[in-house]
Amino acid sequence: SDDGITWEKPALGKQIIDGNDTNAIFPHSVDEMFCTTSIMIDDRDPDPARRYKMVYFHRVMALDRPKVNPRKDAGGLCLAFSPNGTDWTPYEGNPISPIWLGDVEILTYDSVTEKYVIFGRYGGHPAMSAHPNFETWFAPIWPGKPEGVWGTRRRIYRIESNDMFHWSDPVLVFDPGDEDNLDDAHYGFVPWRAGEMRLGLLNVI
């Protein structure tokens, strides 16, 4: 878009799917998905090939790593670079977080702490786990769960990094509590700085 109002979705000539040119930038596969991307322009990086940075959740069907991640299709949180926002190169050390669950992640840079920050769904929602190594293995969804309401009480975690390659352990920052509706889920958080103040929008569904 030139004005942020009228948008075009141009074919890029990179991925041909069912004989049709598309705007897809990653290879199409029935066994893999590159999803829930978050992209930032990083003018601080001296390498022009890394001006654009992307994090994404890599889903690999039937991967099944029960002692690493509770999802059977979880390939972890991954990183890619681009000089122009169109041609992307996945980081050779992916995943940057093999335990990340996410289907929502927001990548940003904190100009005050000078750290890269990601807010997202590391921990999933209570009672979702495929292996007893995880704290959610025995956890109830919540007391008196109504019939027909599934475990939507998702939570928001925060991780940070000095270099985009080495990340801190996830820290829980938003968790639905007793004052929330039974089916409220904290599904995403978009932060920004206003001087020394931290502001943000919390997506509750």
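How many bridges join strand 7 to strand 8, and in which sense do the two strands run?

**Figure 1. Strand 8 and its two partners.** Six bridges join strand 7 (residues 105-110) to strand 8, and the two run antiparallel. Strands pair here if DSSP finds at least two bridges between them. Strands are DSSP runs of E of at least two residues, helices are runs of H or I of at least four, and both are numbered from the N terminus. Aspartate 110 has lysine 115 of strand 8 as its bridge partner. Four residues sit between the strands of this hairpin, and glutamate 114 takes a positive phi near 60°. On to strand 9 (residues 156-161): strand 8 pairs with it over five bridges, again in the antiparallel sense. Glycine 120 stands opposite tyrosine 157 of strand 9. Strand 8 (residues 115-120) is largely enclosed by the rest of the structure, because five of its six residues are buried. Buried means under 20% relative accessible area, exposed over 50%, and partly exposed in between (1.4 Å probe, protein chains only).

This is a predicted model, in which local features need pLDDT of at least 70 and side-chain atom pairs count only at pLDDT 80 or more, while totals for chains, interfaces and linings use all residues. Residues are numbered from 1 along each chain as its sequence is written, and side-chain values use heavy atoms, with hydrogens and water left out.

**Figure 2. The whole chain.** The chain has zero helices and 12 strands. Of its 205 residues, 35% count as buried. Accessible areas come from the Shrake-Rupley method with a 1.4 Å probe; for residues, only the protein chains shown count as cover.

**Figure 3. Threonine 22 in its loop.** Threonine 22 lies between strand 2 (20-21) and strand 3 (32-41). Its relative accessibility is 17%, so threonine 22 counts as buried. A polar atom of its side chain lies 2.8 Å from the backbone oxygen of glutamine 15. Beyond neighbours within four places in sequence, threonine 22 is in contact with residues including Pro10, Leu12 and Ile17. Contact means heavy atoms within 4.5 Å.

Figure 4. Val190, Trp192, Met197, Leu199 and Leu201 make a nonpolar surface patch of about 470 Å². Patches take residues with over 30% relative accessible area and no salt bridge; like charges are joined within 9 Å, nonpolar side chains (Val, Leu, Ile, Met, Phe, Trp, Tyr) within 5 Å. Strand 12 gives the most, with three residues. Methionine 197 is found in strand 12 and is exposed, with a relative accessible area of 52%. Glycine 195 lies in the loop between strand 11 (186-194) and strand 12 (197-204). Glycine 195 and valine 112 are 83 residues apart in sequence, yet their C-alpha atoms are 8.3 Å apart.

**Figure 5. Salt bridges.** The whole structure holds nine salt bridges. Each puts a side-chain nitrogen of Lys or Arg within 4 Å of a carboxyl oxygen of Asp or Glu. Aspartate 87 and lysine 14 form one (2.1 Å, N to O). Aspartate 87 sits in the loop between strand 5 (74-82) and strand 6 (89-90), lysine 14 before strand 1 (16-17), 73 residues apart. Lysine 53 and aspartate 45 form another, at 2.9 Å, N to O. Lysine 53 counts as buried, at 1% relative accessibility. Arginine 50 meets aspartate 47 at 3.9 Å, N to O. Shared partners join Asp42, Arg44, Asp45 and Lys53 into one network of salt bridges.

Notes
A polar contact is a pair of N or O atoms within 3.5 Å; within protein, one must be able to donate a hydrogen and the other to accept it, and residues adjacent in sequence count only if both atoms are side-chain atoms.
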